[in-house]
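Visitor: I'm new to this structure and would like to learn how to read it. Could you walk me through a few features?

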Amino acid sequence: PSGTAFPLLIFFSNSKTQLLNCLPLPPFTPQHLNAPTMMQYLPIIAAGIAGWMFGAVWYGMFSTQWMKASKLTLDMVNPNDKTPYLVSFLGAVATAAFTDHMYKLAGISTPQDGLVTGLGLGAFVAAPWTINNILYGMRNRALIYIDGGYAVFGCGAIGLVLCLLS
C-alpha cells in the first residue's frame with residue numbers, strides 16, 4: 001500500500017544516519033546526531049541574557065512613553081508579578097537558540113555578520129509581526145517604534161553576543 005513506505009523505511013533502517021539520509025532533506029552526518037555539550041549552550045544562554053538585559057534598558061528608557069501608549073498606570077501594574085520577566089527571559093533564550101541554529105547553518109561567525117544578521121532578523125522577521133499585532137489590535141502607533149525597536153535591536157544584541165562567544 002502507498003502509506004507503508006515511510007514506516008517500512010524506519011523499520012528496516014539500521015542507523016539514524018541512514019534513516020535521515022533517506023528523507024528529502026540535506027544529508028545528515030553523525031555530528032548532527034551528537035548531543036550538545038554545556039559549552040555549546042553557554043553562548044546561547046549569554047546571548048539570551050544580553051537580549052533580555054537590552055530589553056530592560058530599552059524599556060527603562062521608554063517606560064513613560066510605553067506606559068502612556070499602552071494606557072497603563074502604575075496602579076494597574078503589579079510589581080510582584082514576575083511572570084512577564086520570566087516569559088520574556090525564556091523568549092530571549094529561545095530566540096538566541098534558534099538564531100544560533102540558523103547562524104551555524106548559514107556559516108555566520110564574525111561579530112559584524114552576527115550583528116548585521118541579527119538586526120536584519122529583527123527588522124524583517126520579528127518587527128513586522130510586532131507591528132501587525134499593534135495595528136490589528138488598534139493599539140497606539142507609538143508602540144510600533146518602542147516595541148518594534150526592541151525587536152530589531154534586541155535581535156542585534158543576540159546575534160552579536162552569539163558570534164562573540166561561539
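**Reading a helix by its length**

Guide: Let's start with helix H5: at 1.5 Å a residue, its 24 residues should span 34 Å, and its end C-alpha atoms are 34 Å apart, so the two values agree. Keep in mind that this is a predicted model.

Visitor: Which residues of H5 are buried?

Guide: Buried means under 20% relative accessible area. In H5 the buried residues are Ala-92, Val-93, Ala-96, Thr-99, Asp-100 and Tyr-103.

Visitor: And what follows H5?

Guide: Gly-107 does, and its phi is positive, near 75 degrees.

Visitor: Is Ser-70 buried or exposed, and why?

Guide: The cut-off for buried is under 20%. Ser-70 has 18% relative accessibility, so Ser-70 counts as buried. Leaving aside neighbours within four places in sequence, Ser-70 is in contact with Arg-139 and Leu-143.

Visitor: Now the rings. How many aromatic pairs are there?

Guide: Rings pair if their centres lie within 6.5 Å. By that rule the count is seven aromatic pairs. One of them joins Trp-52 and Phe-89, with 5.6 Å centre to centre and 80 degrees between the planes, an edge-to-face pair. Trp-52 belongs to helix H3 (residues 38-61) and Phe-89 to helix H5, so the pair ties together parts that are 37 residues apart in sequence.

Visitor: What sort of pair do Trp-58 and Phe-153 form?

Guide: A tilted one: 5.8 Å centre to centre, with 40 degrees between the planes. Trp-58 lies in helix H3 and Phe-153 in helix H7 (residues 142-165), so this pair ties together parts that are 95 residues apart in sequence. Trp-58 is buried, with a relative accessible area of 12%, whereas Phe-153 is partly exposed at 42%.

Visitor: Which residues form one aromatic cluster?

Guide: Trp-58 and Phe-153 turn up again here: they form one aromatic cluster with Phe-54, Tyr-59, Phe-62, Trp-66 and Tyr-150.

Methods:
Residues are numbered from 1 along each chain as its sequence is written. This is a predicted model: local features need pLDDT of at least 70, side-chain atom pairs count only at pLDDT 80 or more; totals for chains, interfaces and linings use all residues. Side-chain values use heavy atoms; hydrogens and water are left out. Buried means under 20% relative accessible area, exposed over 50%, partly exposed in between (1.4 Å probe, protein chains only). Contact means heavy atoms within 4.5 Å. Helices (H or I, at least four residues) and strands (E, at least two) are DSSP runs, numbered from the N terminus. The expected span of a helix is 1.5 Å times one less than its number of residues. Rings of Phe, Tyr and Trp (its six-membered ring) pair if their centres lie within 6.5 Å; planes under 30 degrees apart count as stacked, over 60 as edge-to-face and the rest as tilted.
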